[in-house]
Structures are given as structure tokens and as C-alpha cells.
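The report below describes strand pairing and helix packing in the structure shown here.

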Amino acid sequence: MKLFSISGRQFNYQNIENALNFWQFYLHKFYDGGKIEAFFNSLKMRSPLYGGRPCNVEYSFSEHHVEQLNSKGIGVMLTLSNHYFTEDAYRQTIPILECVNHSLNSAAIVNDELARRIAEDFPAIHRKASVIKLISSLDEIHRALDLYHSVVLHPKLNDDVELLQSIDCKNQIILFANTRCLYKCEHPICYKSISKQMITQGRWDKQVCNYKDNRQAVEGYTIFDLNQEQFNGFTQFKLIPVPDKHLQLDYCQKSAITTSLMTTKTGMRIIR
């Protein structure tokens with residue numbers, strides 16, 4: 001069975017039951033079903049170790065969200081994906097780690113020192129090597145797994161049939177099931193920029209993008225066809241936020257938006 005870690009940034013559009021119903025419908029619609037393993041997000045409690053991507057308080061999870069999801073057997077993956085680490089930042093993050101200190105929960109991590117500290121102080125929390133680490137070879141995967149429980153691979157590697165099928169630890173690999181700009185971006189300077197703002201200011205107020213004057217170069221939304229050969233043997237997948245039109249899908253409409261998709265080499269591309 002396919003297991004999905006899903007963005008929690010759109011979670012507050014609906015209550016828990018409606019959100020779960022929507023995502024189960026979505027998984028059935030685009031991926032022939034699957035199980036929701038976790039939602040990834042920041043918490044409303046702030047941490048300077050958030051990073052990589054913006055972490056708006058209004059879209060973050062409350063402690064009650066964590067409790068509700070865990071009570072249903074669903075985990076929360078903290079986005080502690082800052083490139084940098086300081087003792088003070090870690091001290092400020094301890095209450096958040098205490099909140100998710102459960103074997104259902106995990107943290108997406110870039111900085112190895114942070115991963116080591118969580119391994120020592122909160123061993124129940126599963127450590128996932130963030131996509132932002134840009135791990136791209138079998139040797140790098142094996143080295144990462146000395147410290148992390150699993151590794152999230154860059155969506156561009158979804159096209160590398162030879163690499164994916166050479167991986168001998170597929171049960172510890174998380175692949176992207178859909179993607180936006182990251183798929184085409186050759187210079188993801190936004191990640192370190194936001195990390196720097198968070199670690200120095202405790203917040204982010206400006207997002208830097210290498211393509212700010214040419215967003216067309218990386219725009220687009222891709223849904224990968226997980227039935228393709230390169231995905232054989234993989235069971236864990238990550239879903240980023242879906243377009244707003246997907247949020248408006250009527251659960252009863254079995255033919256919704258099929259006409260707005262077209263086949264591509266690696267999956268399905270949304271036609272805007």
C-alpha cells in the first residue's frame with residue numbers, strides 16, 4: 001500500500017474530519033488510493049529552526065491538531081528544515097519537540113547537528129533527511145541513513161529510472177508524488193535565504209527566488225504517474241499543497257478536472 005505524507009498548509013481550510021475525507025478522496029482520484037501516514041507542517045509554537053520554506057503561523061498546526069491526528073494513528077512531520085543550528089535555537093525548539101515526542105511523529109531535517117541532538121534527546125521522533133539536503137546518489141543515501149530513518153529524494157530524480165531501481169533500501173526512501181517549482185529549479189536559493197532569516201531573526205519576511213523575474217521558467221504543477229516502472233518497490237510518497245481548484249473538488253464528482261490534465265514524459269501536468 002502507498003503511504004503518503006501530505007502538506008498541512010491547507011489543513012485549516014477544513015476541520016479534521018473534512019480534511020481527512022478530502023485527502024482520501026484526492027488519493028483515490030489521482031493515485032488509486034493509499035494511506036495517510038502523516039501531515040507535514042510547522043506548529044503555531046515558533047522555532048528559529050523552521051526553514052527551507054515559509055512557515056506562516058495562520059497555516060500552522062496547533063497542539064490540538066497534533067493530538068487529534070495522533071489519536072487517529074496519523075503522524076505529524078515537523079518542518080525543522082533550517083540549514084543552520086545554534087544552541088539557543090535548539091533550546092527554543094525543545095517545547096515543540098516535546099509536543100511531538102511520539103513514535104507516530106517525525107521531523108524533516110537538513111542540519112546534521114540538529115538530527116544528532118534529536119536522536120539523543122527525542123529518540124521516539126523519526127528523523128527524515130529533507131529533500132533540501134539534495135541527496136542524489138546511492139552512496140549519499142547510505143551515508144544519510146546512518147543518522148536518519150529515511151531520506152526524501154528530489155523530484156527530478158523521479159526521472160532517473162536507473163538510480164531509483166538501484167536503491168536497495170526502498171522502504172526508507174520518500175519520493176515526491178507531485179511537485180511545483182522545485183522540479184525545474186536549478187538554483188534553489190530560497191531555502192538558505194529563509195533559513196538565514198529564521199535563525200537570525202526568528203521569522204522570515206522576504207522570500208528570495210532566483211527566478212523572480214522569470215517565473216515561467218519553473219512554473220507548472222506535475223502529478224507523477226506512480227504506476228511507471230521507476231516507482232516499483234517504493235511505498236512512501238510526499239504530497240505538496242495542491243492547486244486551489246483541487247480544494248474545491250466535489251467529492252461526488254467522479255470526473256472532476258480530468259480535462260485539465262495532460263500526459264507528460266514523467267507524469268501529468270496541470271494545464272493552467
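F176 stands opposite K238 in β10, and three bridges join β7 to β10, which run parallel; two strands count as paired if DSSP finds at least two bridges between them. The model is a predicted one, in which local features need pLDDT of at least 70 and side-chain atom pairs count only at pLDDT 80 or more, while totals for chains, interfaces and linings use all residues. Residues are numbered from 1 along each chain as its sequence is written, and side-chain values use heavy atoms, with hydrogens and water left out. Helices (H or I, at least four residues) and strands (E, at least two) are DSSP runs numbered from the N terminus.

Strand β7 (residues 173–176) is covered on both faces, with I173 and L175 buried on one side and I174 and F176 buried on the other, where buried means under 20% relative accessible area, exposed over 50%, and partly exposed in between (1.4 Å probe, protein chains only). In a regular strand the side chains alternate between the two faces of the sheet.

The parallel pairing of β7 with β6 (residues 150–152) rests on two bridges, and V152 of that pair stands opposite I174 in β7. From β6 the chain crosses through helix α6 (residues 161–166) to β7 in a right-handed β-α-β crossover, a term that applies if, with the strands pointing away from the viewer, the path from the first strand over the helix to the second runs clockwise.

These strands belong to a closed barrel of eight strands with parallel pairing, in the order β1-β2-β3-β4-β5-β6-β7-β10. The twist from one strand to the next averages 30°. Two of the parallel pairings are set out here with their bridges.

| Strand pair | Bridges |
|---|---|
| β2 (residues 35–41) and β3 (residues 75–80) | four bridges |
| β7 and β10 | three bridges |

Helices α3 (residues 87–99) and α4 (residues 112–121) pack at an angle of about 45°, with their axes 12 Å apart; axes are lines fitted to C-alpha atoms, for helices over the stretch in contact, and angles run from 0 to 180 degrees between N-to-C directions. The two helices α3 and α4 are therefore oblique to each other. The contact (heavy atoms within 4.5 Å) involves E87, Y90 and L97 of α3 and L114, R117, I118 and D121 of α4.

R117 lies in helix α4 and, at 17% relative accessibility, counts as buried. Leaving aside its neighbours within four places in sequence, R117 is in contact with F85, E87, Y90 and F122.

Methods
Angles under 35 degrees count as roughly parallel, over 145 as roughly antiparallel, 65 to 115 as roughly perpendicular and the rest as oblique.
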